[in-house]
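Reader: I am new to this structure. Could you take me through its charged side chains?

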Amino acid sequence: MALTIGVDATISEGEGAALAGLSEDTLDMDTNSIFPSTVGASPEPSESRAAKVNLPTAAAPQTLSTEAKMGEKHLDKLAALIKQERSALLSNWRQQVRQLPSARHLDVPTLNDHVPGLIDELAAALQEKSDESIPEALSESSPTAHGLQRLENAFDIEEVVAEYNILRGCIHDLAERNHLRLQGEPFHILNRVLDGAIGLAVQTYATRQALEVQQRREEYLAFVAHDLRTPLNAISLATGVLRTTLAQPDPAANQMLRSLHRNVRYLDELISKVIEDNSNLVTETGVKLERRSFDLWPLVQNLIQDLHPVAGTESVRLINQVPDELVVCADASLLRRVFQNLIANAIKYTPRGEVIIGAREVGEEGVECWVRDNGAGISEEALGKVFDKFETDPEKEDGSGLGLAIVKTFVEAHGGKATVQSEEGGGSTFRFTLPPR
C-alpha cells in the first residue's frame with residue numbers, strides 16, 4: 001500500500017512507518033530537504049538520506065590521530081634503537097672523527113668526552129616525545145665543558161662543529177639501516193639536540209679563545225714594558241754621570257741633560273703604569289721564535305757594555321766567560337732579554353762583587369748558560385718561587401716580579417729549562433739550557 005503526502009512522490013508502507021515516528025515539526029519542514037525533487041529519480045542511499053535529516057551516522061576516520069600515533073611509534077623505535085646500538089654508534093663516530101687532524105692522537109676517553117652522555121640525552125628526548133626540556137638539559141650538561149676541552153686538545157672551531165655533524169650522520173645511517181625514516185618529530189628532535197650542543201660548545205670555545213688571545217697580548221706588553229726599564233735605567237744613570245763629570249757644561253748642554261733626565265723619568269712612569277695595569281695576568285704566553293745560528297760571546301759582551309752604568313763603574317764587575325767560538329741556535333732578541341734580566345737581577349743583589357756570565361756545550365742537550373753572582377743569595381723559602389710571576393722581594397720596593405718569569409717563559413719557548421742554585425749569603429747561580437736545532 002502506498003501513501004501520498006502532497007508531492008509527486010510515492011513512498012512505501014515501510015517509509016511511511018518511519019515518517020510516522022517523526023514529530024510534527026519535522027514533518028512541517030520543506031519536503032524537498034527529505035526526498036528527491038525529481039519524480040522517478042533513483043533512490044538515494046539510506047546513509048545520504050539519513051544525513052539530510054540529521055540522523056546518526058558512522059564516525060569519519062581520525063586521520064590526524066593515526067598520524068600522531070605513527071609519529072610516536074617512530075620516536076619510540078628510534079629511541080630504543082639508539083639505546084640498543086649505543087656502543088656501535090660511538091665506535092662508528094670515533095672512526096670517522098679520528099680522520100680530523102686534531103683528533104688522531106687522542107685516546108678513547110678524551111675523544112669521547114661528553115658524546116656518550118649526549119647520545120643518552122637524545123634518546124631520553126625521543127622517549128619523552130618532546131623537545132621542550134632540551135635547552136635546559138643541554139645547559140646543565142657538558143657541551144660547554146666540551147668546547148673548552150676541544151680548545152685544550154688544539155681543535156679548531158670547524159673541527160668542533162664537524163664532530164657533532166659526524167654524529168648526526170651516524171644516527172641517520174643507523175636509522176636507514178633499520179628501515180626508519182627520519183622525518184617529522186624524530187627529525188626535529190634530533191636536530192634540536194645536536195644544534196643546541198653545537199651552539200653551546202662553539203660559544204664557550206670562541207669566548208675562551210678570544211680571552212686567551214687578549215691575555216697573551218697583554219702579557220706580552222707587560223713583558224716588553226718590564227724589559228724597557230733596564231736600558232732606561234742605564235740612560236738615566238749615564239745622564240747623571242755626565243752631569244757630575246762635566247766640569248762646567250755650557251747652559252745649552254746643561255738644558256739638554258736636564259731634558260733627557262726628565263723624559264727618561266717620564267718614560268719610566270709610563271712603563272710602571274703598563275705593568276700595574278697588567279698585574280692580574282695569570283695565563284701562559286705564546287711566544288713566536290725566530291731562530292738562527294750566531295756567536296754567543298758578542299751578544300753577551302755588548303749587553304755587558306750596555307749594562308755597565310747600571311752596575312756602577314767599580315762596585316760590581318761584569319765578567320764575560322763565554323767561549324769565543326761558541327755558537328748557539330736561538331732567537332737572538334729573546335736570548336738577549338733572558339741574559340739582560342738575569343744580569344740585572346744579579347746586579348741588584350750584589351752591591352759589591354762580581355757577576356760572571358758563562359756558557360758551554362753539553363753534547364746532545366745543546367748549550368748550557370749561566371749567570372753567577374756572589375751577592376746576598378736567596379732564602380730556602382723563596383727559592384721555589386723565584387720564577388713565579390709577580391713574586392717579588394719584600395725588601396726591594398721597585399721590583400715588579402716579572403723579570404725571572406720572563407726568563408722562564410722565553411727559555412721554555414726554546415724548549416729549554418731554567419733552574420737556580422742559591423744559598424742565603426752565598427750568592428746565586430741561574431742556569432738555563434738551549435736545545436740544539
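What follows is a short exchange about a predicted model.

Reader: How many helices and strands does the protein chain have?

Author: The model is predicted. The protein chain has 437 residues, and 36% of them are buried. Its secondary structure comprises 16 helices and 9 strands.

Reader: What share of the contacts between residues at least 6 apart in sequence join residues at least 24 apart?

Author: Contacts in the protein chain can be sorted by distance along the sequence. Take those between residues at least 6 apart. The share that joins residues at least 24 apart is 74%.

Reader: Which helix gives the most to the positive patch?

Author: R243, R258, R262 and R265 gather on the surface in a patch of positive charge. R243 sits in helix α11, residues 185–245. The top contributor gives 3 residues and spans 251–277: helix α12.

Reader: Is R243 buried, partly exposed or exposed?

Author: R243 has a relative accessible area of 37%. Buried means under 20%, and exposed means over 50%. The value falls in between, so R243 is partly exposed.

Reader: How many residues apart are R86 and D120?

Author: The side chains of R86 and D120 meet in a salt bridge, 2.9 Å from N to O. R86 is in helix α5 (residues 86–97) and D120 in helix α7 (residues 115–128). The pair links distant parts of the chain, 34 residues apart.

Reader: Which strands does the pair of R317 and E354 tie together?

Author: R317 forms a salt bridge with E354, and their closest N and O atoms are 2.9 Å apart. The two residues are 37 apart in sequence, so the pair ties together separate parts: strand β4 (residues 316–320), which holds R317, and strand β6 (residues 353–361), which holds E354. The strands asked for are β4 and β6.

Reader: Is E368 buried or exposed?

Author: E368 meets R360 in a salt bridge between side chains, 3.0 Å from N to O. R360 is partly exposed, at 42% relative accessible area. For E368 the relative accessibility is 14%. Buried means under 20%, so E368 counts as buried.

Reader: Which residues are linked with R360 in a network of salt bridges?

Author: Side chains of opposite charge can pair when their charged atoms come close. The structure holds 8 salt bridges. The network links R360 with E368 and R431.

Conventions. Residues are numbered from 1 along each chain as its sequence is written. This is a predicted model: local features need pLDDT of at least 70, side-chain atom pairs count only at pLDDT 80 or more; totals for chains, interfaces and linings use all residues. Side-chain values use heavy atoms; hydrogens and water are left out. Patches are made of residues with over 30% relative accessible area and no salt bridge: like charges are joined within 9 Å, nonpolar side chains (Val, Leu, Ile, Met, Phe, Trp, Tyr) within 5 Å. Accessible areas come from the Shrake-Rupley method with a 1.4 Å probe; for residues, only the protein chains shown count as cover. A salt bridge is a side-chain nitrogen of Lys or Arg within 4 Å of a carboxyl oxygen of Asp or Glu. Lys and Arg count as positive and Asp and Glu as negative; His and the chain ends are not counted. The place of a charge is taken as NZ of Lys, CZ of Arg, CG of Asp or CD of Glu. Helices (H or I, at least four residues) and strands (E, at least two) are DSSP runs, numbered from the N terminus. Buried means under 20% relative accessible area, exposed over 50%, partly exposed in between (1.4 Å probe, protein chains only). Contact means heavy atoms within 4.5 Å.
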